[in-house]
Amino acid sequence: MLFKFPTASQAREDEVTPRALFLSRRSLIGGGAAAFAVGGMAGWPSLADAATFQVPTTRKPADVAMDAVTPMKSATTYNNFYEFGTGKSDPADGAKALRTRPWEIVIDGEVAKPITIGIDDLLKFSMEERIYRLRCVEGWSMVIPWVGFPLAELLKRVEPTANAKYVAFQTLLDPERMYGQKSWVLNWPYVEGLRLDEAMHPLTLMAVGMYGETMPNQNGAPIRLVVPWKYGFKSIKSVVKISLVKEQPPTAWNRSQPREYGFFSNVNPDVDHPRWSQATERRVGDFSRRKTLPFNGYGEDVASLYSGMDLRANF
Ligand code: MTE
């Protein structure tokens, strides 16, 4: 299904996010260049709804110096999704057959109101488009317009208790639907984790679409996490479980290679990967490399989460 976003010039005045709201959002999203959100959109349809619909958006306001958005073709054919193979082009092909209905997410653990919620109910949340940089730990990056809602909106509904210090995420475990899980590439299922304050941060998004369309399977359909100031591997795909927990949860890459991948995984040009430098990155589609920004350029918004922490020890 195609979600139709009009360009700013096509949008009616009442559809465009008011400038004051936009400016406050811009500072909320932070990082200047690539980050931008539009106002919440009511009535995100269920996928059963065949009609195309319009979403208010001011995509590229003239007063924001935007990084160029990566072509959709690149973002949907150059992927990491090891449940469908380890090659960059494997997921675009292999994930085609992934059935994403029915799909439920269990939210449990240290919460007053655990829930199991179906994807079609999640699609009724108020959605935003956010253009974020994605920096992979491998040294490439993209700029992607996601469609989704803040994870905080979901977590507030389950009422985390005072014991909840971390949030643990889990991808579907089903080797029949994700054939890569038949090989021991990682200790399946793929798992990830955030500290509770990171999870509640307004930049942290649960994405159900990109480029104005339903999330392509290879990008983590039907719903994935997006944490733009962390290396891409924190942005776990095809999530089925979110648990609020007391202790720091295990994470897939840390479990696999603890010397190379820490729990925090904040983008940090000053801390090299043991096998390569993290000082620069290649934007997919570019020939030359560019400097990597601390916290992927979102430091103004998130650096305070780590004040007093040694970011070399807590990599
Ligand atoms: N989530 C799952 N379940 N499995 C994976 O292999 N790869 C991660 C992350 N989420 C991965 C995952 C890595 S390494 C990156 S860089 C991003 O997804 C890539 O997202 P993209 O393919 O949409 O660019």
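Two strands are taken as paired if DSSP finds at least two bridges between them, and helices (H or I, at least four residues) and strands (E, at least two) are DSSP runs numbered from the N terminus. The model shown is predicted, so that local features need pLDDT of at least 70 and side-chain atom pairs count only at pLDDT 80 or more, while totals for chains, interfaces and linings use all residues. Residues are numbered from 1 along each chain as its sequence is written, and side-chain values use heavy atoms, with hydrogens and water left out.

**View 1. Strand β4 and its pairing partners.** β4 pairs with β11 (residues 280–283) in the parallel sense over two bridges, and S141 stands opposite R283 of β11. With β7 (residues 205–210) the pairing of β4 is antiparallel and runs over five bridges; here P150 has L205 as its bridge partner.

**View 2. The hairpin of β3 and β4.** Eight bridges join β3 (residues 128–135) to β4 in an antiparallel arrangement, in which E129 faces V147. Four residues lie between the two strands of this hairpin, and G139 in the turn has a positive phi of about 105°.

**View 3. The largest pocket.** A pocket is an open set of points on a 1 Å grid over the protein atoms alone, where a 1.4 Å probe fits, with protein on both sides within 12 Å along at least five of seven lines; lining residues have an atom within 4 Å of a point. The largest pocket holds about 440 Å³ of space, taken as the space filled by probe spheres set on the points, which are joined across faces, edges and corners. Its lining comprises 26 residues, of which N80, F81, Y190, G232 and F233 are the closest to the centre. Strand β4 (residues 140–150) gives the largest share of this lining, four residues.

**View 4. The aromatic pair of F233 and Y261.** Rings of Phe, Tyr and Trp (its six-membered ring) pair if their centres lie within 6.5 Å, and planes over 60 degrees apart count as edge-to-face. F233 and Y261 form such an edge-to-face pair, 5.4 Å centre to centre with 75° between the planes. F233 lies in the loop between β9 (224–226) and β10 (239–245) and Y261 in the loop between α7 (252–256) and β11, so the pair ties together parts that are 28 residues apart in sequence. F233 is buried at a relative accessible area of 10%, and Y261 is buried at 7%.

How values were computed:
Rings of Phe, Tyr and Trp (its six-membered ring) pair if their centres lie within 6.5 Å; planes under 30 degrees apart count as stacked, over 60 as edge-to-face and the rest as tilted. Buried means under 20% relative accessible area, exposed over 50%, partly exposed in between (1.4 Å probe, protein chains only).
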